[in-house]
Amino acid sequence: MAPTLGYWELRGLGHAIRLLLHYKEVEFENKMYNDPQEWFGNDKLNLGLKWPNLPYYIDGDVKITETSAIFAHLGRKHGLDGSTEQAKMNNDMAYSAALFHRIQFLRVVYDDNYDEKKDELVAGLDDKVAQFSKELGDQDWFGGSELVYADFCVYDLLDVWNQFKPGCVEKHDNLKAFMARFAALPTLQKFMNSDKSMKNGPFNGPNAHWGAAKWGAE
């Protein structure tokens with residue numbers, strides 16, 4: 001039986017996992033929820049999940065929740081957690097940074113005072129992007145010479161930032177090349193060029209003030 005990745009019908013914290021699975025050509029069920037009742041009223045407590053939450057990943061007897069735990073598992077299973085100690089450390093740091101900044105971004109776009117906080121977010125974004133440019137340097141990937149699972153998270157984060165503030169990534173030649181290099185990975189081509197890639201969103205849930213899904217809007 002094919003594994004199942006469960007998450008909301010949006011990009012959010014689950015999309016980078018989808019990218020990794022497509023890259024590794026894993027045949028999986030992409031279970032996307034657009035009815036909160038289906039998750040909260042049924043599946044959340046009936047799938048046998050520890051720490052029930054979205055995203056979840058089920059592969060036979062393996063049942064995992066939480067974004068970081070899923071990435072750690074898939075990284076080990078598919079050899080994307082770094083083949084050397086340095087690559088592993090690079091992966092851990094880049095992944096943690098990407099997740100931190102994604103959560104900080106989400107806190108603003110879901111905030112009731114979004115209009116007040118948006119300007120501060122926009123003003124500080126260039127420095128955040130510059131930090132990723134500095135850490136990438138002249139390497140191909142954030143693991144160094146090898147692709148690691150952090151690259152999937154960083155790619156997704158930078159793409160979201162670049163759509164939120166157009167041009168903020170392209171001003172850095174190395175990040176621009178990184179984005180193009182990632183998007184050109186052969187096994188990702190079919191997915192990246194399809195409607196399923198959610199290139200233009202939705203990025204966030206229906207209560208967000210930017211990139212919101214329409215399916216749960218009141």
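**Views of a predicted protein chain**

**Figure 1. The surface of the protein chain.** In this predicted model, the accessible surface of the protein chain comes to about 11200 Å², and carbon and sulfur atoms hold 49% of that area. Among the 218 residues of the chain, 49% are buried.

**Figure 2. The overall dimensions of the fold.** Taken along the principal axes, the box filled by the C-alpha atoms of the protein chain is roughly 45 × 45 × 30 Å. The radius of gyration of the protein chain is 17 Å, which agrees with the value near 17 Å that a compact globule of 218 residues would have. Of the contacts in the protein chain with a separation of 6 or more, 66% are between residues 24 or more positions apart.

**Figure 3. The order of helices and strands.** The protein chain contains eight helices and four strands, and when these are read along the sequence they give the pattern β-α-β-α-β-β-α-α-α-α-α-α.

**Figure 4. The second largest pocket.** The second largest pocket holds about 400 Å³ of space, and it is lined by 14 residues, of which H22, E27, F28, K190 and F191 are the closest to its centre. The residues of this lining divide into five that are nonpolar, five that are polar and four that are charged.

**Figure 5. Helices that contribute to the pocket lining.** Two helices, α1 (15-23) and α8 (189-192), each supply at least two residues of the lining of the second largest pocket. The largest share of that lining comes from α8, which provides three residues.

Conventions: Residues numbered from 1 in each chain as written. Predicted model: local features only at pLDDT ≥ 70, side-chain atom pairs only at ≥ 80, totals over all residues. Heavy atoms only, no water. 1 Å grid on protein atoms, 1.4 Å probe; cavity = no way out; pocket = protein on both sides within 12 Å on 5 of 7 lines; lining within 4 Å. Points joined across faces, edges and corners; volume = space filled by probe spheres on them. Nonpolar A, V, L, I, M, F, W, Y, C, P; charged D, E, K, R; others polar. Rg over C-alpha atoms; globule rule 2.2 N^0.38 Å. Buried < 20%, exposed > 50% of the residue type's maximum accessible area, 1.4 Å probe, protein only. Contact = heavy atoms within 4.5 Å. Areas by Shrake-Rupley, 256 points an atom, 1.4 Å probe, with all protein chains shown as cover.
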